[in-house]
Amino acid sequence: AVVSVRQGVAYGALGLAELQDGRWAPSAPVMVAGVTAVRDAAVLRDGSLVMAAAQGAFLLTPSGQMTELLPRDSTRAWHGWDARAVAVGPGDEVWLALPQGLACRRGSHWTLYEGRDGVPFCDATCCTVAADGVLWLGTTLGAVRFDGQHWAYRQGPRWLPDDTVTAVCVTEDGSAWLATAAGVARLYTVPMTLARKAGFYETEIDRWHRRTVHGYVIEGRTPAAGVKEAVALSDSDNDGLWTAMYVAAEAFR
């Protein structure tokens, strides 16, 4: 099965094939190396192809030279076995998604990221790098965003129709479009003042969370997650706490 086709190269369960004189032919260097189950591929500026495969991560130059990529830094060394995904950034940097974590090669220097470095989740399915260098990683349990300094994790019905992300694409306006098992999600940012943000939440509280003529603030229950209709409000041991927190916030405001 063909996973994808990029710049005259098709990759999938049987390895790699190249378009030559209008016909598809198996890539000889890849066949010699015994690489099958190519899961992802990306092209560098010089035409070299970076591959993520079950057997590891590999670099195939336009001249046909095949080398294995072995990420390492001053304290860690990873084998690329079971490589999941690969992406090339605007600076020609290579990002590899591996079971151990994320590896980024800039020139000949590798930087490794795992849980202790801030990676929220490593069971990757896909990845891409936006024009501004921001990395998006799809996983079997949500999506990860990394801008080079800060990690963000998006998981659950608040962000995604389903937690299994199968593909991700970033458009020119910075929006991330994520394909999931239950549909497509668009994640984007909207710059606003704190006053505007507070106004939104205050409106939501007034509409959905007021109970009794005294305006107690309490959680609401809906017939289905994310559906704001038929909201049921009832008394709770937390009536006093939630209302007191609301009053304190209003006092500070």
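**Side-chain contacts**

Author: Arg 210 and Asp 206 form a salt bridge in which the closest N and O atoms are 2.8 Å apart; the term stands for a side-chain nitrogen of Lys or Arg within 4 Å of a carboxyl oxygen of Asp or Glu. The model is a predicted one, in which local features need pLDDT of at least 70 and side-chain atom pairs count only at pLDDT 80 or more, whereas totals for chains, interfaces and linings use all residues. Residues are numbered from 1 along each chain as its sequence is written, and side-chain values use heavy atoms, with hydrogens and water left out.

Side chains of opposite charge can pair when their charged atoms come close. To say how far such partners are covered, we use relative accessible area (1.4 Å probe, protein chains only), where buried means under 20%, exposed means over 50%, and partly exposed lies in between. Arg 210 has a relative accessibility of 28% and counts as partly exposed, and Asp 206, at 45%, is partly exposed as well.

Searching the whole structure gives 14 salt bridges. One of them joins the side chains of Asp 117 and Arg 76, with 2.6 Å from N to O. This pair links distant parts of the chain, 41 residues apart, since Asp 117 sits in the loop between S12 and strand S13 (124–129) while Arg 76 sits in the loop between strand S8 (66–69) and S9. The labels for helices (H or I, at least four residues) and strands (E, at least two) refer to DSSP runs, numbered from the N terminus. Asp 117 is partly exposed at 30% relative accessibility, whereas Arg 76, at 13%, counts as buried.

A further salt bridge is made by Arg 221 with Glu 219, and here the closest N and O atoms are 4.0 Å apart; Glu 219 is partly exposed, with a relative accessible area of 30%. Where salt bridges share partners, they join Asp 73, Arg 76, Glu 114, Arg 116 and Asp 117 into one network.

We can now turn to the rings. A pair of aromatic rings is described by the distance of the centres and the angle of the planes. Rings of Phe, Tyr and Trp (its six-membered ring) pair if their centres lie within 6.5 Å, and planes under 30 degrees apart count as stacked, over 60 as edge-to-face and the rest as tilted. Under this rule there are six aromatic pairs. Among them is the pair of Tyr 113 and Trp 151, which is edge-to-face, with 5.7 Å from centre to centre and 70° between the planes. Because Tyr 113 belongs to strand S12 (residues 109–113) and Trp 151 to strand S16 (residues 151–154), this pair ties together parts that are 38 residues apart in sequence. Tyr 113 is buried, at 12% relative accessible area, while Trp 151 is partly exposed, at 21%.

Phe 200 and Tyr 201 have ring centres 5.2 Å apart and planes at 80°, so theirs is an edge-to-face pair. Phe 200 is partly exposed at 47% relative accessibility, and Tyr 201 is partly exposed at 42%. Elsewhere, ring pairs link Trp 95, Tyr 113, Phe 146 and Trp 151 into a cluster.

A ring can have a charge as its neighbour too: a charge sits over a ring if NZ of Lys or CZ of Arg is within 6 Å of the ring centre and within 35 degrees of the ring normal. Arg 154 lies over the face of Trp 159 in this way, 4.3 Å from the ring centre, and Arg 186 lies over the face of Tyr 188, at 4.0 Å from the ring centre.

The last contact to consider is the disulfide, a pair of cysteine sulfur atoms within 2.5 Å, and the structure holds zero of these. Cys 126, for example, is in no disulfide, and its nearest cysteine sulfur, that of Cys 127, is 7.3 Å away. Cys 126 counts as buried, at 9% relative accessibility, and Cys 104 is buried with a relative accessible area of 0%.
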